Amino acid sequence: MSAPLLEVADIEAGYGEALVLRGVSLAASAGELVTIIGPNGAGKSTLLRVVYGLLRPEAGSVRYAGEDVTGVRPEQLTRRGLNYVPQLANVFPTLSVAENLQVGGVSLPRAERRQAVADMYEQFPLLAERRRQRAGTLSGGQRKLLAIARALVTRPKVLFLDEPSAGLSPQAVELVFDQLAAVKRRGIAVVMVEQNARRALALADTGYVLDMGRNAYVGPGRTLLRDPKVAELYLGRSTAASSSTSTSAPSGMSEPT
Amino acid sequence: MSTPILAVREVVRTFGGLRAVDGASFDVEQGSITALIGPNGAGKSTLFNVVSGFLSAEGGSVQFEGRRIDRAPSHRIARRGLVRTFQVPRTLTRLSVLDNVLLAASGHPGERLSGLLLRPARARAYERKTRHRAHELLELVRLDKHAQDYAGVLSGGQRKLLDFARVLMTEPRLVLLDEPMAGVNPVLGRQLLEHVLQLRAEGGMTFLFVEHDLAVVMEASDRVIVMNEGRVIASGTPTDVRSDERVVDAYLGVVPPT
């Protein structure tokens, strides 16, 4: 196996005095799907922000395709082949679907951009139907699909996503996760933060559990799913056959300080 | 049967040519946990906005505890005991986490000069009580350690949890939750769910929630209302709805495992 496309080592970062990440490392290879899970406030979104150049780390490094890109600005990273779908505010609400996709591909030459946008309509027929509709009038789930398509327009080699399935109906979740699996099969490294932890780990080649700004567990997605410790602390009990009267929320759980 | 706590009748709301809510009708029974499900774009959030007074209805009516509220502004509806959370939380980022929750408590005697001057002891007692409750709620959503931090430093998921605490701080009778589980860690989500069940059992609080996590819907709700293209296409117990063909076609795609 070749060296990872993306190597993140020992990142420390935060906002003002609040240190959120306390030494996190992560790697992703071409065609690998990486899932990051963990409690709210563990630093998952912050990690994506650091890697995509939106937040300068206090310590640690980000290497992409063998080069140090720590602190390189997002627009530069986008030209080099990284792209990012934030959790919120990920489309331009006053622009149409078509305009959003064109803005997403603004760094591409005109002919290439037209082709890239056409590819997106083929992959997401729902967006083709609504190409003239203003993004602000799309439902939450439709907006999420548009945001993903907008990031894919630049044909990135690494795609970061912050909770791609949040707010989506079961059918739309399937659609998004199927799309991400297809993206990965085309050789793109996909790195996503998810709270739909079971579903996202099942899909992942590699899973990372972040807790209190540190790597708590790393391993193949399916191995983590079967790990009783991970299940108890981070996945909750399996919901399929549970009854509403039970109070078996993991009781021994206290958030480490 | 008693009067429903919420009665939605033939509500219509359009955006330009788009009929986001197109004659939706349903009841929410007092003390129930009712789920509102449907595909993205079905009109669920728009309906929430109409019921909570953030959008006006263009047709139809909404009754809360037997009184029309479809012409009332949102703050008045909230004071009557109907409050909601947002899919994307509204956080006051330049206030502390604690102050965000405290602000949600209404009817503070110290709000009026007369109350403050004539009955200072009462204002102080109320202040103590609300602070105590605020800390309890922050503990529940695991934000107690952040009580003194600016709310702006909270992550997306944590803001959602703060929103939940703020809503409960108002001591509502009907709570509308817009995708409470989205973006919340599953372990914590389950604990919040237990808390919702407890509030219903102990305080008789009524909940109406939009949720895409069907395991949660099936487990927590007494009734499920299914929307598609702005209308209610089915309603019933979770078991009824799960096997309803129209629901499977419009939303589920496949019959979920039992």
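## The chain B sheet

In this predicted model, B:Gln63 sits opposite B:Arg68 of S5(B). The two strands involved, S4(B) and S5(B), pair in the antiparallel sense over 2 bridges (strands count as paired if DSSP finds at least two bridges between them). Strands, like helices, are DSSP runs numbered from the N terminus: at least two residues of E for a strand, at least four of H or I for a helix. S4(B) and S5(B) belong to an open sheet of 4 strands, running S2-S1-S4-S5 in chain B, with antiparallel pairing. The edges are taken by strand S2 (18-28) and strand S5 (67-68) of chain B, each of which pairs on one side only.

Over at S2(B), strand S1 (residues 6-15) of chain B is its partner, joined to it antiparallel by 8 bridges. Here B:Val12 faces B:Asp22 of S2(B). The S1(B)-S2(B) hairpin has 2 residues between the strands, and B:Gly16 has a positive phi near 55 degrees.

Residue numbers start at 1 along each chain as its sequence is written, and chains are lettered from A, with ligands numbered from 1, in the order in which they are written.

Chain B averages a pLDDT of 88, and 93% of its residues score at least 70 (pLDDT is the predictor's confidence in each residue, from 0 to 100). For the complex, the predictor gives an ipTM of 0.71 and a pTM of 0.80.

## Two crossing helices in chain B

Two packed helices are described by the angle and the distance between their axes. For helix H5 (residues 120-140) and helix H6 (residues 156-169) of chain B, the axes come within 9 Å and cross at roughly 145 degrees. Axes are lines fitted to C-alpha atoms, for helices over the stretch in contact, and angles run from 0 to 180 degrees between N-to-C directions.

Who makes the contact? From H5(B) come B:Arg133, B:Ala134, B:Leu137, B:Leu138 and B:Leu140, and from H6(B) come B:Ala165, B:Leu168 and B:Met169. (Residues are in contact if their C-beta atoms, placed from the backbone, lie within 7 Å.) By class, the residues of this H5(B)-H6(B) contact split into 7 nonpolar, no polar and 1 charged. Ala, Val, Leu, Ile, Met, Phe, Trp, Tyr, Cys and Pro count as nonpolar, Asp, Glu, Lys and Arg as charged, and the others, Gly among them, as polar.

## Where the chains meet

The contact between the chains takes 38 residues from chain B and 37 residues from chain A. On the chain B side, the elements giving two or more residues are H6, helix H7 (186-203), helix H8 (214-220) and helix H10 (245-252). H7(B) gives the most, with 8 residues. The side of chain B that touches chain A has 19 nonpolar, 14 polar and 5 charged residues.

## The mixed sheet of chain A

Chain A has an open sheet of 6 strands, ordered S6-S7-S8-S3-S9-S10, with mixed pairing. Strand S6 (82-85) and strand S10 (214-220) of chain A are the edges; each has a single partner strand, so one side of each lacks a neighbour in the sheet. From one strand to the next, the twist averages 15 degrees.

Strand S3 (residues 33-37) and strand S8 (residues 189-193) of chain A run parallel, joined by 4 bridges, with A:Val191 of S8(A) as the bridge partner of A:Val34. Helix H7 (residues 170-185) of chain A lies across S3, strand S7 (158-162) and S8 of chain A, at about 145 degrees to S8(A). Strand S9 (residues 206-211) of chain A pairs with S10(A) in the antiparallel sense over 6 bridges, and A:Asp211 stands opposite A:Arg214 in S10(A). In the S9(A)-S10(A) hairpin, with 2 residues between the strands, A:Met212 takes a positive phi near 50 degrees.

## Overall dimensions

Chain A holds 10 helices and 10 strands, and chain B comes to 10 helices and 10 strands. The radius of gyration of chain B is 19 Å, close to the 18 Å that the globule rule gives for 258 residues, so chain B is as compact as a globular protein of that length. (The radius is taken over C-alpha atoms; the rule is 2.2 Å times the number of residues to the power 0.38.) Along the principal axes, the C-alpha atoms of chain B fill a box of roughly 60 × 40 × 40 Å, and the C-alpha trace of chain A spans about 55 × 45 × 40 Å.

Methods
Predicted model: local features only at pLDDT ≥ 70, side-chain atom pairs only at ≥ 80, totals over all residues. Contact = placed C-beta atoms within 7 Å.
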